[in-house]
Amino acid sequence: MTGEETFASYFLSEVDWTKKLNIVYFLKKKTGIYYDNSVVFKTAILKLFLDYLHQEYQEEKEIDDNLVLSARLLCDCKKVLNSRNHEEIKSYAGKGAELLSLLGFDKRFCRICEGVNRYTIKENREPESDLLEIVDHFGGMLLDRPERIAMDVDEALILLVNRNFKGKYNRYLDKFVEFVNYAETLEIAKEVE
């Protein structure tokens with residue numbers, strides 16, 4: 001990085017998301033931010049969903065994949081592993097946005113990351129925040145947790161629609177359900193071959 005370059009400009013200028021994984025890994029080593037396999041897993045789900053959106057919905061071309069994948073990799077930076085403290089859970093995205101601001105990310109990027117959950121930003125949410133939110137919920141249900149084993153895809157999808165997003169507007173929910181069903185159909189077709 002040059003003297004004028006910030007971490008944010010360096011990170012956002014890297015368009016290869018696998019290289020971004022390495023950058024975040026080294027950032028974790030240097031700063032102790034939250035970064036584990038769940039972050040990678042959720043980012044991979046988001047990458048597949050973005051590919052699906054671009055393939056099936058041409059109007060979704062306005063999504064900046066690099067921006068939203070970058071946000072997905074960093075939005076949990078202040079998350080506390082296996083926290084049972086509700087205040088920590090409610091505040092990690094806001095604290096993460098503050099840290100990202102110090103690293104040179106602009107207000108919009110920080111707002112996108114803070115919108116990964118609805119604890120602080122409930123209205124006038126950024127479209128990219130809806131992408132982060134849906135992948136965070138779904139990916140989290142597919143992973144083992146200390147209090148429960150991972151759910152299967154069908155169970156996670158039912159809970160996503162009927163519990164997690166019941167009464168909440170997420171502009172990508174219907175398209176995400178289509179995507180998961182499409183991916184499941186492809187998986188079944190591979191097994192039959």
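A charge is taken to sit over a ring if NZ of Lys or CZ of Arg is within 6 Å of the ring centre and within 35 degrees of the ring normal. The structure is a predicted model, in which local features need pLDDT of at least 70 and side-chain atom pairs count only at pLDDT 80 or more, while totals for chains, interfaces and linings use all residues. Residues are numbered from 1 along each chain as its sequence is written, and side-chain values use heavy atoms, with hydrogens and water left out.

Under the charge-over-ring criterion, the charged end of K20 sits over the ring of F11, 4.2 Å from its centre. The charged end of K175 is likewise placed over the ring of Y57, at 4.5 Å from the ring centre.

Once neighbours within four places in sequence are set aside, L131 is in contact (heavy atoms within 4.5 Å) with L46, F49, L50, L53, I63, V68 and Y172.

Rings of Phe, Tyr and Trp (its six-membered ring) pair if their centres lie within 6.5 Å, with planes under 30 degrees apart counted as stacked, over 60 as edge-to-face and the rest as tilted. A search of the whole structure finds 14 aromatic pairs. The pair formed by F49 and Y172 is edge-to-face, at 6.4 Å centre to centre and with 90 degrees between the planes. Because F49 lies in helix α3 and Y172 in the loop between α8 (153-164) and α9 (173-192), this pair ties together parts that are 123 residues apart in sequence. Buried here means under 20% relative accessible area, exposed over 50%, and partly exposed in between (1.4 Å probe, protein chains only); F49 is buried at 0%, and Y172 counts as buried at 5%. F49 also forms a tilted pair with F179, at 5.2 Å centre to centre and 50 degrees between the planes. Since F179 lies in helix α9 and F49 in helix α3, the pair ties together parts that are 130 residues apart in sequence, and both F49 and F179 are buried. Ring pairs link F49, Y52, Y57, F138, Y172, F176, F179 and Y182 into a cluster.

Salt bridges, defined by a side-chain nitrogen of Lys or Arg within 4 Å of a carboxyl oxygen of Asp or Glu, come to a count of 11. In one of them, K47 is joined to D51, with the closest N and O atoms 3.1 Å apart; the two residues are 4 residues apart in helix α3 and are thus separated by about one helical turn. K47 is partly exposed at 23% relative accessibility, and D51 is partly exposed at 35%.

A salt bridge also connects R118 and E133, whose closest N and O atoms are 2.5 Å apart. As R118 lies in the loop between α6 (107-114) and α7 (127-141) and E133 in helix α7, the pair ties together parts that are 15 residues apart in sequence. Both R118 and E133 are buried. E133 additionally meets R125 in a salt bridge of 3.3 Å, N to O, and R125 is buried, as is E133. Salt bridges that share partners join R118, R125, D130, E133 and R171 into one network.
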